[in-house]
Amino acid sequence: MEFLVTDTPRSVWTGDALAIGLFEDALELTGDLAQLDEKLAGTLKELLLEVDFKGKVGTSAITRVGGNNPIRKIAIVGLGKTEDLKLDTVRQAAGVCAKLAKKEKCKTLGISFPVWKNAPDSTASAIAEGVELSLNQDNRFKSEPEDKSPQLEQIHLLGFAGTESAIARARQITAGVILARELVAAPANFVTPITMAETAQSLAAECGLELKILEREDCEKLGMGAFLGVALASDLPPKFIHLTYKPEGTPRRKIAIVGKGLTFDSGGLNIKGAGSGIEMMKIDMGGAAATLGAAKAIGHIKPDVEVHFISAVTENMISGRALRPGDILTASNGKTIEVNNTDAEGRLTLADALVFADKLGVDAIVDLATLTGACVIALGDEIAGLWSPQDSVAAEIVAASELAGEKFWRMPMEEKYFEGLKALHADMKNTGPRPGGSITAALFLKQFVKDTAWAHLDIAGPVWTDKENGYNGPGATGFGVRTLVHWALGGA
């Protein structure tokens, strides 16, 4: 699929389908829209009246243009009120347009949207992301693809001449999102610690990244007892992945991204029971998937920032070697942990990964993980939780997420809740009381970051969706990649 930018007016553009974004408070056909409607023999006005179009966000309609017009289809999509326009509204609307055009078997699609906040590059990027992500389909595990209709070949962005480089960057980001989607969507017999390490090797070769894979023996030498405790029962070897992107010259800053990498979570001896969603526990490496997706994007964008991508990857399984409830583990910073629930294993793997990242001398660390059901109860399926002791890091993540169109809500680091994690014979337990479970999980992780500014992202809700919106779902969303990339770029 090719993206082309042009300043061709809507009234003279030619192609299979033209999609126009309209505001609730600006539905009058004036200027070149009036000229276009005259050219289309009143088809646009007729469509507005026929569907009683109000311009609300998420609404759309498409119709065929009669006669010998150079446009076969005309589509309209609602953008809400002018003053409320958000970048993600543009992204969602672009996805809707692309799906409409594909359903109508169009090969060329023209998109005419207003510019968000006088920022044509950001607007064009959002349009490109919405189109690419909405059309992404994962047919790897089907004997025949369900969708055999013609594919969109060209997308023309009307009024966005000069935004070519922004669109190229957007496509580099969406490539990372799609990698993360594919990793999360694939079953645990396809995505294993071994194949995750192989994916990291492929990324290193593709993007010129440095790579270290620490094997079990390497992790033992570093004292990673928490991570290796989780890995005990699996027949597959654990893999500790450390990818590094280094720019030419002196980096503006150095950061680390740490992703939880449980390729399957049975719950261990605290096995997940009926109704627990155990069949979906392939998604428990969503943090690691986002980390590798961000590595792919950043490796191609090549910013002036040094970025470390880290994941302690394993399965949480059951066998005669399995970690037992009541066992005490020692993490690589010397902290001891009484395991009172083997199904709270992700924080154990993150503990050693955070200690490792903390020793790299970076300016900031962000970890992300499908960590707690408690966060889903608190924030639902579409919003991720954000914890940080540092206001500056939290503000950076929030700013990045707004550009990315991914929703986060900052949660409290209520230090007195750590009382619920204290153990009789160890420094701490791995779970506390049920109330505030996502907060105590964040407080647990905080014990493994000594000197570095840090934020924790709980993405358990939005990593997967059963719904369909403008550019996501149903299925894996690749959540987190876009925010991580924008955070690394620092708003550039």
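1. In this predicted model, the unreviewed UniProt entry places a "binding site" feature at Lys-260, Asp-265, Asp-284 and Glu-345. Although these residues are spread over 86 residues of sequence, they cluster in space, and the largest C-alpha distance among them is 11.6 Å.

2. A further annotation from the unreviewed UniProt entry, again named "binding site", covers Asp-265, Asp-343 and Glu-345. These positions span 81 residues in sequence, yet no two of their C-alpha atoms are more than 8.4 Å apart, so they gather at one spot. Asp-265 and Glu-345 are named in this annotation, and the annotation described in the first point names them as well.

3. Lys-260 is found in the loop between β9, which runs over residues 254–259, and β10, which runs over residues 261–265. Is this lysine buried or exposed? Lys-260 has a relative accessible area of 3%, and it is therefore buried, the cut-off being under 20%. Its side chain makes a polar contact with the side chain of Asp-284, at 2.9 Å, and Asp-284 is itself named in the UniProt feature together with Lys-260.

4. Asp-265 has its place in strand β10, and at 2% relative accessibility this aspartate counts as buried. Which residues does Asp-265 touch, once those up to four places away in sequence are not counted? They are Lys-272, Ile-278, Met-281, Asp-284, Asn-316, Asp-343 and Glu-345.

5. The polar surroundings of Asp-265 can be described through two pairs of atoms. The side chain of Asp-265 makes a polar contact with the side chain of Lys-272, at 3.5 Å, while the backbone nitrogen of Gly-267 lies 2.8 Å from a polar atom of the Asp-265 side chain.

6. Glu-345 is placed in the loop between β13 (336–338) and α10 (346–358), and with a relative accessible area of 2% this glutamate is buried. Not counting residues up to four places away in sequence, Glu-345 touches Val-230, Lys-260, Leu-262, Asp-265, Asp-284 and Asn-316.

7. At the level of the whole chain, the domain assignment gives domain 1, made of residues 2–139 + 152–158, and domain 2, made of residues 173–489. The contact between them takes 14 residues from domain 1 and 15 residues from domain 2. The C-alpha centres of the two domains lie 38 Å apart.

8. The size of an interface is often given as the accessible area lost when the parts come together. Between domain 1 and domain 2 the buried area is about 1,300 Å², and carbon and sulfur atoms give 52% of that area.

9. How many salt bridges does the rule find across the interface of domain 1 and domain 2? It finds two salt bridges there, and across the interface there are also nine residue pairs in polar contact, with both residues at pLDDT 80 or more. On the side of domain 1 that touches domain 2, the elements that give two or more residues are α3 (87–103) and α4 (120–135). The largest share of that side, seven residues, comes from α3. Lys-99 forms a salt bridge with Glu-468, in which the closest N and O atoms are 2.8 Å apart.

10. Helix α14, residues 481–489, is mostly covered, with nine of its nine residues buried. Val-481, Thr-483, Leu-484, Trp-487 and Leu-489 are among the buried residues of α14, and the buried set also includes Arg-482 and His-486. The helix is followed by Gly-490, whose phi is positive, near 65 degrees.

11. Ser-401 lies in helix α12, residues 391–404, and at 5% relative accessibility this serine counts as buried. Leaving aside its neighbours within four places in sequence, Ser-401 is in contact with Glu-406, Phe-408 and Thr-483, and Thr-483 is one of the buried residues of α14. Ser-401 and Ile-298, for their part, are 103 residues apart in sequence and 16 Å apart in space, taken from C-alpha to C-alpha.

Technical notes:
Residues numbered from 1 in each chain as written. Predicted model: local features only at pLDDT ≥ 70, side-chain atom pairs only at ≥ 80, totals over all residues. Heavy atoms only, no water. UniProt positions renumbered as here; feature names shortened; annotations may be inferred. Helix = DSSP H or I, 4+ residues; strand = E, 2+ residues; numbered from the N terminus. Buried < 20%, exposed > 50% of the residue type's maximum accessible area, 1.4 Å probe, protein only. Polar contact = N/O pair within 3.5 Å; in protein donor to acceptor, adjacent residues only side chain to side chain. Contact = heavy atoms within 4.5 Å. Domains from an automatic or database assignment. Buried area = accessible area lost by both parts, 1.4 Å probe. Salt bridge = Lys/Arg side-chain N within 4 Å of Asp/Glu carboxyl O.
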